[in-house]
Amino acid sequence: MRLLIVEDEPKTGDYLHQGLTEAGFVADLARTGTDGLHLARTGDYDLVVLDVMLPGLDGWQVLESLRRDNNPTPVLFLTARDDVADRVRGLELGADDYLVKPFAFSELLARIRTLLRRGKIKELEHLQVADLELDHVKRRATRGGQRIDLTAKEFALLALLMRRQGEVLSRALIASQVWDMNFDSDTNVVDVAIKRLRAKVDDPFPVKLIHTVRGMGYVLEIRES
Ligand code: CA
């Protein structure tokens with residue numbers, strides 16, 4: 001897990017860098033908002049620990065720029081005062097959590113671990129291929145923002161195809177994963193279900209995503225037309 005710390009106060013910066021490295025993270029330290037933004041944009045970080053009061057760009061501006069770029073990296077704000085207006089502002093700009101200085105290192109560590117865990121779950125709960133989206137929490141599928149009504153089995157089938165996009169899945173594998181049927185069961189049920197799913201997910205749209213691979217099975221992927 002790679003973390004970016006943006007903190008101008010030398011002692012605090014070094015302390016955080018050392019503590020997080022010892023806790024097993026790969027951590028980079030930026031001492032100005034400008035450097036922090038540059039690193040956050042170019043490095044592949046799992047989380048940013050961002051001080052608010054910084055020389056150059058302040059923490060608000062760094063966060064605002066990141067979110068404007070659609071950079072979804074979780075951000076944990078460090079604020080010097082426990083001010084409701086500051087907190088609200090941070091959350092509105094897209095911060096994921098905040099911590100008021102001074103804080104115990106153990107608390108910082110706990111917050112970081114929670115955010116990292118939440119980030120992973122979010123990834124699993126939301127699948128997207130082209131304009132097709134599947135939200136596990138809301139049990140909802142949309143294409144181009146248009147709601148698609150699916151049965152429970154169709155939902156499970158689409159989730160499997162999307163999770164393993166680009167991979168050809170055999171009828172037997174699909175049957176075992178979605179219907180809990182074993183290999184020698186009648187896999188015609190898969191063809192029927194795929195046909196129904198296509199009617200909802202692909203037929204009304206110009207770009208088709210579910211493809212038949214003759215003699216092998218099915219694959220969901222974006223193909224150049
Ligand atoms: Ca500061």
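Visitor: Which residues are the protein donors of the calcium ion?
Guide: The calcium ion has Asp8 (OD), Asp51 (OD) and Met53 (O) as its protein donors, lying 2.1 to 2.3 Å from it. Donors are N, O and S atoms within 2.8 Å of the metal (3.2 Å for Na, K and Ca), and sites may look incomplete because water is not among the atoms. This is a predicted model: local features need pLDDT of at least 70, side-chain atom pairs count only at pLDDT 80 or more, and totals for chains, interfaces and linings use all residues. Residues are numbered from 1 along each chain as its sequence is written, while side-chain values use heavy atoms, with hydrogens and water left out.

Visitor: How are those donor residues spaced in sequence?
Guide: The spacing is D-x42-D-x1-M. Aspartate 8 sits in the loop between β1 and α1 and aspartate 51 in strand β3, 43 residues apart, and this pair links distant parts of the chain. Helices (H or I, at least four residues) and strands (E, at least two) are DSSP runs, numbered from the N terminus.

Visitor: Is aspartate 51 buried or exposed?
Guide: Aspartate 51 counts as buried, at 4% relative accessibility. Aspartate 8 is partly exposed, with a relative accessible area of 29%. Buried means under 20% relative accessible area, exposed over 50%, and partly exposed in between (1.4 Å probe, protein chains only).

Visitor: On to the sheet, then. In what order do the 5 strands come?
Guide: The order is β2-β1-β3-β4-β5 in an open sheet with parallel pairing. Two strands pair if DSSP finds at least two bridges between them. β2 (26–30) and β5 (97–100) are at the edges with a single partner strand each, so one side of each has no neighbour in the sheet. From one strand to the next, the twist averages 20°.

Visitor: How many bridges join β3 and β4?
Guide: Strand β3 (residues 47–51) and strand β4 (residues 75–79) pair in the parallel sense over 4 bridges. Leucine 50 has phenylalanine 77 as its bridge partner in β4.

Visitor: And which strands does helix α1 touch?
Guide: Helix α1 (residues 10–22) packs on the sheet and touches β1 (2–6), β2 and β4, its direction making about 170° with that of β2. Helix α3 (residues 59–68) lies across β3 and β4, at about 165° to β4. Axes are lines fitted to C-alpha atoms, for helices over the stretch in contact, and angles run from 0 to 180 degrees between N-to-C directions.

Visitor: What does leucine 20 touch?
Guide: Leucine 20, found in helix α1, touches Leu3, Ile5, Phe25, Ala27, Phe105, Leu109 and Ile112, not counting residues up to four places away in sequence. Contact means heavy atoms within 4.5 Å. Leucine 20 is buried, with a relative accessible area of 0%. Leucine 20 and leucine 109 are 89 residues apart along the chain, and their C-alpha atoms are separated by 7.8 Å.

Visitor: Which residues of α4 are buried?
Guide: In helix α4 (residues 84–93), Asp86, Gly90 and Leu93 are buried. These residues cover an arc of only 70° around the axis, which puts them on the same side of α4. The arc is that of the directions from the helix axis to the C-beta atoms. The buried residues of α4 pack against α3 and β4, while the face turned away from the buried side carries the exposed residues Val84, Ala85 and Glu92.

Visitor: Where do the domain bounds fall?
Guide: The domain assignment gives domain 1 (2–118) and domain 2 (126–220), with bounds that come from an automatic or database domain assignment. Their C-alpha centres lie 39 Å apart.

Visitor: What do the buried residues of α7 pack against?
Guide: They pack against α6 (152–163), α8 (188–201) and β11 (217–220). In helix α7 (residues 171–179), the buried residues are Ala172, Ile174, Ala175, Val178 and Trp179. Seen down the axis of α7, these fall within an arc of 160°, so they line one face of the helix. Aspartate 180, which follows α7, has a positive phi near 65°.

Visitor: Last topic: in what sense do β7 and β8 pair?
Guide: Strand β7 (residues 132–135) and strand β8 (residues 140–143) are antiparallel, paired over 4 bridges. Their hairpin has 4 residues between the strands, and arginine 139 takes a positive phi near 50° there. β8 and β9 form a hairpin with 2 residues between them, where glycine 144 in the turn has a positive phi of about 55°.
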